[in-house]
Amino acid sequence: MINIPKGCKDVLPAQSYKWQYIERVARETAASYGFREIRTPVFEHTELFSRGVGETTDVVTKEMYTFLDKGGRSITLRPEGTAGVARAFIENGLASEAMPFKAYYLCSAYRYERPQAGRLREFHQFGAELYGADGPAADAEVITLVDRFLKNLGLKKVSLHINSIGCPTCRAAYHEALKEYFRPHLSEMCEDCNARFEKNPMRIIDCKNEGCKKFTAHAPRAIDYLCEDCRAHFEGVKAYLDGAGVDYSVDPSIVRGLDYYTRTVFEFVTDAAGAQGTLLGGGRYDGLLSQLGAKPLPAVGFGVGLERLLMVMEAEGAPMPETGRVVCYLAGMDEAAKRRAFLLAEELRTAGVSSECDLMQRSLKAQMKYADKLGARFVAVIGEEELAGGFATVKDMLGSSSERVNFNDLAQYLSKR
Ligand code: HAM
């Protein structure tokens with residue numbers, strides 16, 4: 001037997017309504033803020049991610065699915081959605097359109113990680129990106145979108161943590177402070193951190209190595225090194241969130257795992273689903289577009305893993321209304337009745353009522369059992385008498401009543417209920 005690759009998951013028909021529900025709420029919430037969908041390729045040129053996400057990140061150094069295609073090009077399966085959106089924005093000249101640019105996506109993403117609960121190799125993200133607005137209202141709008149999305153899904157045990165990691169101006173002083181702090185401990189720290197020390201000392205704070213964590217816990221915090229503009233921006237974001245009634249706590253330990261962030265960073269965390277505390281993350285990334293060769297343009301966005309979201313929803317017992325069950329099963333007693341049932345099912349579908357009929361040469365009793373398993377709301381039985389009289393005996397599976405309904409009236413009868 002051939003098994004599914006490690007770290008991937010099938011979404012089976014009995015579960016897919018949960019995904020559809022989350023995706024529907026995602027689309028509706030994004031649309032209510034004026035975000036429209038963008039779709040970009042599953043794979044991009046590797047350079048997009050190494051330049052965009054950052055050479056020193058775990059995502060780029062350890063986790064990318066990279067291969068040479070038959071033309072010898074280095075291709076990478078997208079590890080996240082942000083870089084592809086930026087590439088599409090630049091390549092399609094969208095900077096000439098009305099600003100701010102607002103786009104959301106629901107897409108798969110790929111990271112070669114050690115699989116565990118809420119951490120997969122193929123996962124799915126709902127994300128949104130907003131370009132062109134440099135004021136704190138833009139950060140606050142993206143955060144309120146996320147907050148509203150989680151509330152729309154009925155989540156209660158998630159909390160918002162925000163931080164500011166400054167801009168290149170204040171980052172220089174911060175990097176110096178980090179280097180000074182870490183320098184005496186370098187020999188006791190991992191090889192990766194030694195490389196990070198030279199290239200991007202802030203990445204050290206994100207190290208998962210236990211030996212390094214004891215040093216990172218007391219490292220200088222970016223928030224203490226903000227320049228005047230960054231400090232004012234952060235105060236502005238907090239004021240907008242206060243005004244919108246969005247609860248948050250300032251958490252100076254958030255640095256995020258990707259290199260493109262500037263100023264505001266945020267995460268929604270929860271302990272509802274065990275191991276993976278961070279449900280989602282995002283922030284401002286004013287340097288990414290220019291880093292990819294475009295005119296500088298401020299940007300802010302977020303991304304949430306749908307698998308992680310589903311785990312948290314299940315852990316919290318959040319409602320996920322089931323849709324997609326067939327409305328009417330047409331049971332035929334004999335061959336002639338089954339042929340009529342087949343045609344009636346087509347008529348019902350034309351009228352917008354989902355229906356099924358027997359394809360398995362089952363007895364009436366077995367058809368009734370199947371209809372029950374399907375969860376069909378109605379069963380319309382057609383026997384000899386019904387066929388002769390031009391009606392079906394319709395049983396409401398939620399009650400005990402049965403009614404005779406003319407074939408011609410069946411669609412209307414069922415769609416009214
Ligand atoms: P990220 O923090 O790397 O940010 O990922 C965002 C979310 O994707 C995570 O919080 C988690 O829910 C989910 N996720 C990440 N890796 C995995 C995995 N291996 N398995 C399951 N879920 C995972 C980004 O990706 C940024 N692009 C977010 C962003 C958009 N920032 C600005 N705009």
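These legends walk through several close-up views of the structure above. The model is predicted, so local features need pLDDT of at least 70 and side-chain atom pairs count only at pLDDT 80 or more, while totals for chains, interfaces and linings use all residues. Residues are numbered from 1 along each chain as its sequence is written, and side-chain values use heavy atoms, with hydrogens and water left out.

**View 1. The eight-stranded sheet.**
Start with the open sheet of 8 strands, whose order is E1-E5-E6-E11-E10-E9-E7-E8 and whose pairing is mixed. (Strands, E, are DSSP runs of at least two residues and helices, H or I, of at least four, numbered from the N terminus; two strands pair if DSSP finds at least two bridges between them.) At the edges you will find strand E1 (36-37) and strand E8 (249-250), each pairing on one side only. Helix H1 (residues 16-32) packs on this sheet and touches E1, strand E5 (101-110) and strand E6 (122-131). The direction of H1 makes about 160 degrees with that of E5. (Axes are lines fitted to C-alpha atoms, for helices over the stretch in contact, and angles run from 0 to 180 degrees between N-to-C directions.)

**View 2. Strand E10 and its two partners.**
Which strands does E10 pair with? Strand E9 (residues 264-269) is joined to strand E10 (residues 278-284) by 5 bridges, and the two run antiparallel. E10 is mostly covered, with 6 of its 7 residues buried. (Buried means under 20% relative accessible area, exposed over 50%, and partly exposed in between, using a 1.4 Å probe and protein chains only.)

Now find His 161 in strand E7 (residues 159-164). Is His 161 buried or exposed? Its relative accessible area is 18%, so His 161 counts as buried. The side chain of His 161 makes a polar contact of 2.8 Å with the side chain of Asp 251. (A polar contact is a pair of N or O atoms within 3.5 Å; within protein, one must be able to donate a hydrogen and the other to accept it, and residues adjacent in sequence count only if both atoms are side-chain atoms.) Leaving aside neighbours within four places in sequence, the contacts of His 161 include Ser 249, Ile 254, Phe 266 and Val 269. (Contact means heavy atoms within 4.5 Å.)

**View 3. Around the ligand.**
Of the 26 residues around the ligand, those that come nearest are Glu 80, Thr 82, Glu 113, Tyr 261 and Leu 279. (A residue is near a molecule or strand if one of its heavy atoms lies within 4 Å of it.) A polar side-chain atom of Arg 111 lies 2.9 Å from an oxygen atom of the ligand, and one of Arg 256 lies 2.8 Å from an oxygen atom of the ligand. Gly 305 places a backbone N or O atom 2.8 Å from a ligand oxygen atom.

**View 4. Thr 56 in its loop.**
Thr 56 sits in the loop between helix H2 (46-52) and helix H3 (58-62). With a relative accessible area of 11%, Thr 56 is buried. A polar contact of 3.5 Å links its side chain to that of Asn 200.

**View 5. The three-stranded sheet.**
Another open sheet has 3 strands in the order E2-E4-E3, with antiparallel pairing. Strand E2 (43-45) and strand E3 (66-68) stand at the edges with a single partner strand each, so one side of each is left without a neighbour in the sheet. E2 is joined to strand E4 (residues 74-77) by 3 bridges, and Glu 44 has Thr 76 as its bridge partner in E4.
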